[in-house]
Amino acid sequence: MLEYKYDTQLLIEGENLSEDEIHDYITQNIPGDCLLAVGDETLIKLHYHTNAPWRVLEYCASLGEIFDIVVEDMDRQSRGLQG
C-alpha cells in the first residue's frame, strides 16, 4: 500500500511564476512526496504524489491556467490495472 496514491502532473501557464514559491506552498500545505516544480516565470511543470490531487489542482489554478492535467492512481497501477 502506498502512502500517497495519486501521481498528479500538470502544466501551469501564467505570469511571474516562481518554482520556489510553488514548491514551498505545496510542501507546507498539501501532504505528499516526490514534488518537482520546474520551469520559468511563464510555464511550470508540476509533478507530485498526494492523496489530495484536487487541492494541488485548486492551488495551481489560482496561479494561472492549468492544462495537460494527469492524475493517476498508482495503487491501481501496481496491481496491473489502468491508473
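**Sheet, helices and side chains**

Biologist: Over how many bridges do strand β1 and β4 pair?
Modeller: Strands are DSSP runs (E, at least two residues), as helices are (H or I, at least four), and both are numbered from the N terminus. Two strands count as paired if DSSP finds at least two bridges between them. Strand β1, residues 6-13, pairs with β4 in the antiparallel sense, and the number of bridges is seven.

Biologist: What kind of model is this, and which pLDDT limits apply?
Modeller: Residues are numbered from 1 along each chain as its sequence is written, and side-chain values use heavy atoms, with hydrogens and water left out. Local features need pLDDT of at least 70, side-chain atom pairs count only at pLDDT 80 or more, totals for chains, interfaces and linings use all residues, and the model itself is predicted.

Biologist: How many bridges join β1 to β3, and which residue in β3 stands opposite T8?
Modeller: The strands β1 and β3 run antiparallel, and eight bridges join them. The residue in β3 that stands opposite T8 is Y48.

Biologist: What is the order of the strands in the open sheet, and which are the edge strands?
Modeller: The open sheet has four strands with antiparallel pairing, in the order β2-β3-β1-β4. Each edge strand pairs on one side only, and the edges are β2 (32-39) and β4 (65-73).

Biologist: What is the average twist from one strand to the next, and what angle does the direction of helix α1 make with that of β2?
Modeller: Axes are lines fitted to C-alpha atoms, for helices over the stretch in contact, and angles run from 0 to 180 degrees between N-to-C directions. By that convention the twist averages 10°. Helix α1 (residues 19-29) packs on the sheet and touches β1, β2 and β3 (43-50), where contact means heavy atoms within 4.5 Å. The angle between the directions of α1 and β2 is about 165°.

Biologist: Which strands does helix α2 lie across, and at what angle does α2 run to β1?
Modeller: Helix α2 comprises residues 53-61 and lies across β1, β3 and β4. Its angle to β1 is about 5°.

Biologist: Why are the buried residues of α2 said to be on the same side?
Modeller: P53, V56, Y59 and C60 are buried in α2 (under 20% relative accessible area; exposed is over 50%, partly exposed in between; 1.4 Å probe, protein chains only). They lie on the same side of α2 because the arc they cover around the axis, taken from the directions from the helix axis to the C-beta atoms, is only 125°.

Biologist: Which residues are exposed on the other side of α2, and what do the buried residues of α2 pack against?
Modeller: On the other side, W54 and E58 are exposed. The buried residues of α2 pack against β1, α1, β3 and β4.

Biologist: How many disulfides does a search of the whole structure find?
Modeller: A disulfide is a pair of cysteine sulfur atoms within 2.5 Å. The sulfur of C34 has its closest cysteine sulfur in C60, at 16 Å, so the two are too far apart for a bond. C34 is partly exposed at 46% relative accessible area, whereas C60 is buried at 0%. The number of disulfides found is zero.

Biologist: Which residue forms a salt bridge with K5?
Modeller: A salt bridge is a side-chain nitrogen of Lys or Arg within 4 Å of a carboxyl oxygen of Asp or Glu. The closest N and O atoms of the K5 pair are 3.4 Å apart, and the partner is D73. The pair links distant parts of the chain, 68 residues apart, with K5 in the segment before β1 and its partner in strand β4.

Biologist: Which residue forms a salt bridge with D75?
Modeller: The whole structure contains two salt bridges. In the one formed by D75, which is buried at 14%, the closest N and O atoms are 3.5 Å apart. The partner, exposed at 52% relative accessibility, is R79.

Biologist: Which residues does G14 touch, not counting those up to four places away in sequence?
Modeller: G14 is found in the loop between β1 and α1 and is buried, with a relative accessible area of 18%. Its C-alpha atom is 8.9 Å from that of I66, 52 residues apart along the chain. The residues that G14 touches are E41, T42 and L63.
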